[in-house]
Amino acid sequence: MNAFVPRALTFDTRTAVVGATAVFASIGVATLRVLEPVALWPCAFHAITGLHCPGCGLTRMLHALVHGDVARAWAMNPLAMVALPLLGLMLAQWWLAKPLLPPWLDRRVHDGRAWIVALVLFGVLRNLPLAPFAWMAPG
């Protein structure tokens, strides 16, 4: 027996995913608003190896963004500062089912190989003590 479900109450998976993302992002923002960077956990990879992984400084970057300090956020993790809006646009594009990114960029950001190459290159370059790359280390 099929029950009648009004159109307004139907469950859309895309909307559920976007809604869940918004809820978790709001919880993250609220948490970062009340925590000080000293209270945040250190990077285990950095503690063990002394090297900066591609995610080192990510939590401090988000903390700085939540507090409106864009320059400090960039200093903590420049790759994440570029990736965060791209990921947000990708999510919005998927949810709305219409293109928001230019086609040349859309092809690249949806290619997992591009993300892997960017992460590996960023992880290697930010650990080089040379002048053009030293700015990539968090701090």
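How many disulfides does the structure hold? The structure holds 0 disulfides. The model is predicted, and the close-ups below show selected side chains.

View 1. Cys43 is partly exposed, with a relative accessible area of 25%. Cys56 counts as buried, at 4% relative accessibility.

**View 2. Asp111 and Arg113 form a salt bridge.** The closest N and O atoms are 3.0 Å apart. The structure holds 1 salt bridge. Asp111 counts as partly exposed, at 24% relative accessibility. Arg113 is exposed, with a relative accessible area of 63%.

**View 3. The structure holds 1 aromatic pair.** The partners are Trp74 and Trp135, and their rings are stacked. The ring centres lie 6.3 Å apart, with 5° between the planes. This pair links distant parts of the chain, 61 residues apart. Trp74 sits in helix α4 (residues 70–76). Trp135 lies in the segment after α8 (131–134). Trp74 is partly exposed, with a relative accessible area of 38%. Trp135 is partly exposed, at 44%.

Terms used. Residues are numbered from 1 along each chain as its sequence is written. This is a predicted model: local features need pLDDT of at least 70, side-chain atom pairs count only at pLDDT 80 or more; totals for chains, interfaces and linings use all residues. Side-chain values use heavy atoms; hydrogens and water are left out. A salt bridge is a side-chain nitrogen of Lys or Arg within 4 Å of a carboxyl oxygen of Asp or Glu. Buried means under 20% relative accessible area, exposed over 50%, partly exposed in between (1.4 Å probe, protein chains only). A disulfide is a pair of cysteine sulfur atoms within 2.5 Å. Rings of Phe, Tyr and Trp (its six-membered ring) pair if their centres lie within 6.5 Å; planes under 30 degrees apart count as stacked, over 60 as edge-to-face and the rest as tilted. Helices (H or I, at least four residues) and strands (E, at least two) are DSSP runs, numbered from the N terminus.
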